[in-house]
Amino acid sequence: MSALKYVGQRLPKADALDKVTGRAVYINDLARPGMLHGKILYAAHAHALIKSLDVSKARALPGVRAVLTGQDIPEIPLGFMRDNRPLKKGKVRTRRDEIAAVAATSPDIAQEAIELIEVEYEPLPALFSPEEALAEGAPLIHELDAKGRPAKSNKLSLPWKLICGDVEEGRARARHIAQGTYRTTWISHCCLGTSGVIAEFDLNRNLTMHSITQIPYLAQNDYLEALKAMGLPSSQVRVLCQTIGGGFGSKLDTHCYEFIAILLARATGRPVKMQFSREEEFLAQATRQPATMEISQGCDAEGRLTFREVHMLLDNGGYTSWGATTPSVMMVPVSSLYRVPNVRYLAESVYTNNIYAQAMRGYGNPQATFAIESNLDQLALMAGMDPVEFRLINANQPGDQTPQGFKITTCGLSQCIEKVRQGLGWQEHQQAKARGANVGGHKARGQGLASLIHVGGGARVYRSDGHGMIMKLDDFGRLTVFTGAVEIGQGNETILRQVAAEAVGLKLEDVSIVSHDTAICPWDVGTHASRAAFISGNAAIQCAQELRRKIFALAAQQLEVEPEDLDLSQGQLLVRRSGGGEGQRLAVAEADESLPLAKVLRKAHFSSGGRMLMAETFYDPPNEMLDREFKGNLSCSYAFGASGVEVEVDTQTGQVRILKYLAAHDVGRALNPMLLEGQIYGGSLMGVGMALTEEVKLHEGRVVNGNFLDYKMLTCKDAVPITPIIVETDDPAGPYGAKGVGEPGCVPSAPAIANAIFDAVGVRIHDLPITPEKVLRALQQKKDEVCRLAQPPC
């Protein structure tokens, strides 16, 4: 095959100019003729009965066109377990419960109307932790379970249990066992573009949703179900995605505000726009799933893992979004990060009166990996082994099948660990530490490392993991690719242009992408699970093969040669008159003749009985849905990586400063190294924020730091020196050997930092974020323990 021309090149994002010049249209920018503005009234209590609701003053306000409450709308079940409704009636279960909505001619009038609504509550006992919610005699948050029967407890009836091998036998064989409890908290996605939507009915009662969803086709189905409940079973739905100002999983569900916009648009007969403020985004958008994780791991005398056991308790909040299903991905590192023969995993999700959780980058993997990799360092210490060597002994290898049934094809984990070790100067640091040279005054330096596994070849969480694509050639040899994939800032449309140009044999500038419109683009399950480049890239190659077959059949007829004697490169048809091509790719120098593809296409178009060329495909990868025991080959390939960190800890202030951050990722093949490095930078910095600063703080279910002043998201001034390291393993299942890499960057950050802090000052922080106060408290406890054991005592 001739050398690749576009795949592997450092090319800027196709939408970069539009974004930096302000031409990109976000949902904030969009307006429709006659559009009204919607606002929502949220609950004043975390758990209460609604005794009365008076909207008369709001309805009387000039400029108000509709006021809706739960009493005014049909039953529209929402959420993973269908336990939520767009507007609540009778009872509220969280402070973010939507109890009334207004549509008015301006946002200010709508907000004024909201403030005129009078609500009388009867407060109920509230539960703000899973432990409280599971206590005997705790009040029920939901009176009915998922099947409509009287609920018996606040525990969700979700069967998150995985057993592989014999854990008791593995425990008996272990020479060393480490155990601990680790905690993660609520974290906001912090998308710079806040949530918003415009719902618009036409005169035939068909609905158009101007949206920012990551799942337009799944959302379309949800909207159709809502229309049926509203008495519009024959109405159609079109979803138009605008430029998305950040996703990170926050747009993988259909949310209450979207259905409220639909209901208001139907009630008024006019388009209705809902647009969150930043404070509203913190209150009414779901977060990363908080978890308490008890873990134990054991190894034999040689350091080989013999078992891993994990029990998790998850604060689900008041309703179920996709956060309730994160244990299905938490299983991935629990069962399959390193070679561990015996695994037992149990997760319990519990209703509380807190805000609820949803999907967020890594989908539970960062939480689980924090516990696994922190505990693994403890185990290496107990075994008297170097943490890096301990990981290399247990590293996954190509050809492995994990206890959960994952078939590891390519695996660069050992290479990633080695490159991080070399980049950190691990051996030199250990030697310096042995001399005490890592400590200077009240500051100490330490190094830590953590690894990751994640799905890299799609993930069959729905019955279909597929992607539809259409390719259309015009008379001038220009290609339009119609794709169902959603661009959320990750650069997928740039990758698609590269892959399509390469696979068809065209110039990059002759390829354009049409997306974000369910009316004209084929079906795709959504942008999630690090699947977009892998799935849409394979679809592009598959579709290109069909298009090339049609091109060569057409050209062979015109040129009186065999299709096997033709090739296409840079928009030029290459002809071998001597025959014997057998379908092999030709270099320009090898061709006997070349001519523009456009000339062949125009001749075909304007000849008698003319024709134009299109191709379509639906690529559904050969991965498996997990069975009832949660076993099976979930993904076609698996991404691996390792992050290494050097920190400096100030023992007087507890401040942690990151001096080096190395992120090595097994990417299969780098389709675009520039965009890939951008994913690693962004994911790593998100992981650093999770580790050190970020936490949505709640008091009795109320968000108390719902703004960018009090919520400590890292900014450009807080950026740490990140060195991305690309490890290529050329996965046979991926497009040109590539794996998905959208999520892995954030997965190992927190444990790598925690391990580095321990290496520096000898204290293990078990709950995130690792704030200066926690470090100081741990240092004081360590000092107190040393004094207690001293002879004589301090």
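Tutor: Two strands pair if DSSP finds at least two bridges between them. Keep that in mind as we explore this predicted model.

Student: Which strand does β18 join through five bridges, and in what direction do they run?
Tutor: The cut-off for pairing is at least two bridges. Strand β18 (residues 467–473) has five bridges to its partner, so the two count as paired under that cut-off. Within this pair, Leu 473 has Leu 479 as its bridge partner. The partner is strand β19 (residues 479–483), and the direction is antiparallel.

Student: Why is one side of β20 and of β24 left without a neighbour in the sheet?
Tutor: These strands belong to an open sheet of four, ordered β20-β19-β18-β24, with mixed pairing. Because β20 (511–514) and β24 (614–619) stand at the edges, each has a single partner strand.

Student: Which helix packs on that sheet?
Tutor: The helix touches β18, β19 and β24. Its direction makes about 145° with that of β24. The helix is α15 (residues 532–559).

Student: Now for β15: is this strand mostly covered or mostly exposed?
Tutor: Strand β15 spans residues 343–351. Seven of its nine residues are buried, so the strand is mostly covered.

Student: Which strand runs parallel to β15, and how many bridges join them?
Tutor: Strand β7 (residues 161–164) is joined to β15 by four bridges, but these two run antiparallel. The parallel strand is β14 (residues 305–317), and the number of bridges is nine.

Notes. Residues numbered from 1 in each chain as written. Predicted model: local features only at pLDDT ≥ 70, side-chain atom pairs only at ≥ 80, totals over all residues. Heavy atoms only, no water. Buried < 20%, exposed > 50% of the residue type's maximum accessible area, 1.4 Å probe, protein only. Contact = heavy atoms within 4.5 Å. Axes fitted to C-alpha atoms, helices over the stretch in contact; angles between N-to-C directions.
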